[in-house]
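This report covers an interface and the salt bridges of one model. Please look at the structure first.

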Amino acid sequence: MLSLSTEVNPRIDKPHNLRLQAVISLFRKDLLLELRQQHALYGVMLYVLSTVFVLYLTLDQPVAETWNALFWVMQLFVCINAVAKSFLQESRGRMLYFHTIAGPAEFVIAKVLYNLLLMAGMNMLTLLLFIAFMGDPTDSFWLFAGISCLGAFGLSLIFTMLAAIASKAMQQASLMAILGFPVIMPQLLLLMRLSKLAFSETFAAGADLGIVWLLLALDASVILLTLILFPFLWKD
Amino acid sequence: MRKSWWKILCVALLAYAVIGGILLPVPEIPQLQETIRNLYYHVCMWFAMMILFTTSVVYSIKYLRTLDISYDLRARSFAAVGLVMGLLGYGTGAIWAAYTWADPNNPAYASFGSIAREPKLIGAAMAILVYFAYFILRDSVTDMDRRARVSAVYNIFAYAMLFPSIWIVPRLLPSLHPGQEGNPALNFNDIDARMRMVFYPAVIGWTLLGAWIATLKIRLDILREKKWSNA
């Protein structure tokens, strides 16, 4: 344990091969913890439910454009709440233990995968609740579900990195929102534009696929940056 | 003298930009008239801001490579001066917009809602918000080394995310702002030759002034750091 804390410069780390086994076990650990300590998961679900209910009481059946905007803002807040705890729940002692068994890349990949799964689930829940309470203005449900999944992936990727940054500072949850909003804006604008496909708005030929590729390229660059930058947050 | 040539250059260029900016002839455009001279201040502020933010990110990368705390102080000072330049860019832009874009039938502030939706303004607002968040992040970490590391990581991450957004957002939204297809003022044909004579020296002058202020701040910070570590 002591020898670990003396290693200050992350560059000293040998670039060791990524062990898939470690990624899988860390991922399983997160999943098992979630299933055993269910209060956190139910907490986020209840957050989704009560927010949709408040929206329903204040607006009941909004027009398509409002529905779309509300859905994505909702998605943003759900993502902050769901992803924030991924680094918050790790105590100091537990982090020290992870240092001894895994490298930074393995740890962060497991977190990213877990958050992707979590956000995919929360995304479907939000979508179903939205349609149940506030009507279904989409022309093609499955198209919108697919776009919202793409959006949920992008959001959870960015917020995983921001949660890692915020976990090193005080008042993490509110800090995550401050750090994240300016960074997430372009993705959100692209997603809102793209989801108009599901409201049968016509696009210039190829423009819709262009946006999808742009979003995927953004996601890829976020993954790359996370892999490069996370090792510097790992050593303390 | 060898070290201070760029400060002399800075003063000379700014003197030229201010005097020449007010006196030299400008093209006559009916919508703009004499407000066109604001180009020498408004656009230069944005240029200086982007250059200073870029310098800040370069120092953040250097910090992560060497873990030398003085690089962190440099990154912070350049970001701070960049932020001031950004706010000045907003101020000069607001004055300009009040005379050109704002609806003359209403008070100028009533047009704010529609002007703030401008893609260029959104891009600038995002850059400024990112660096405000950077300073709040810095202040919320107490340990010095950890603060330096965490803020350097955020600086690099946010800057890398900012660039695609400045490139994407203008292509999604309609705009009144000049330079719709890409980056205004980088295109040589955008600006009249007479204005270029003042504009480019002004950009260099304001950027040098920003760098000068930043180096003064850095020297002060390093002295303060030494004093505390010796005490």
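A salt bridge here is a side-chain nitrogen of Lys or Arg within 4 Å of a carboxyl oxygen of Asp or Glu. The model is predicted: local features need pLDDT of at least 70, side-chain atom pairs count only at pLDDT 80 or more, and totals for chains, interfaces and linings use all residues. Residues are numbered from 1 along each chain as its sequence is written, chains are lettered from A and ligands numbered from 1 in the order in which they are written, and side-chain values use heavy atoms, leaving out hydrogens and water.

**Salt bridges**

Over all chains, the structure holds five salt bridges.

| Pair | N to O distance |
|---|---|
| D30(A) and K111(A) | 3.4 Å |
| R138(B) and D72(B) | 3.0 Å |
| D221(B) and R224(B) | 3.7 Å |

Helices are DSSP runs (H or I, at least four residues), numbered from the N terminus. Buried means under 20% relative accessible area, exposed over 50%, and partly exposed in between (1.4 Å probe, protein chains only). D30(A) is buried at 3%. K111(A) is buried too, at 1%.

In chain B, R138(B) of helix α5 (residues 119-139) and D72(B) of helix α3 (residues 69-100) are 66 residues apart, and their pair links distant parts of the chain. R138(B) is buried, with 5% relative accessibility. D72(B) is buried, also with 5%.

D221(B) and R224(B) share helix α7 (residues 193-230) of chain B, three residues apart, or about one turn of the helix. D221(B) is buried at 7%, whereas R224(B) is partly exposed at 40%. Back in chain A, salt bridges with shared partners join K29(A), D30(A) and K111(A) into one network.

**The interface of chain A and chain B**

How many residues of chain A are in contact with chain B? Contact means heavy atoms within 4.5 Å. On chain A, 32 residues touch 28 residues of chain B. The two chains bury about 2900 Å² between them, 79% of it on carbon and sulfur atoms. Buried area is the accessible area (1.4 Å probe) that two parts lose on being put together, summed over both.

α7 (141-166), α8 (172-194) and α9 (207-234) of chain A each supply at least two residues of the side that touches chain B. The largest share, 10 residues, comes from α8(A).
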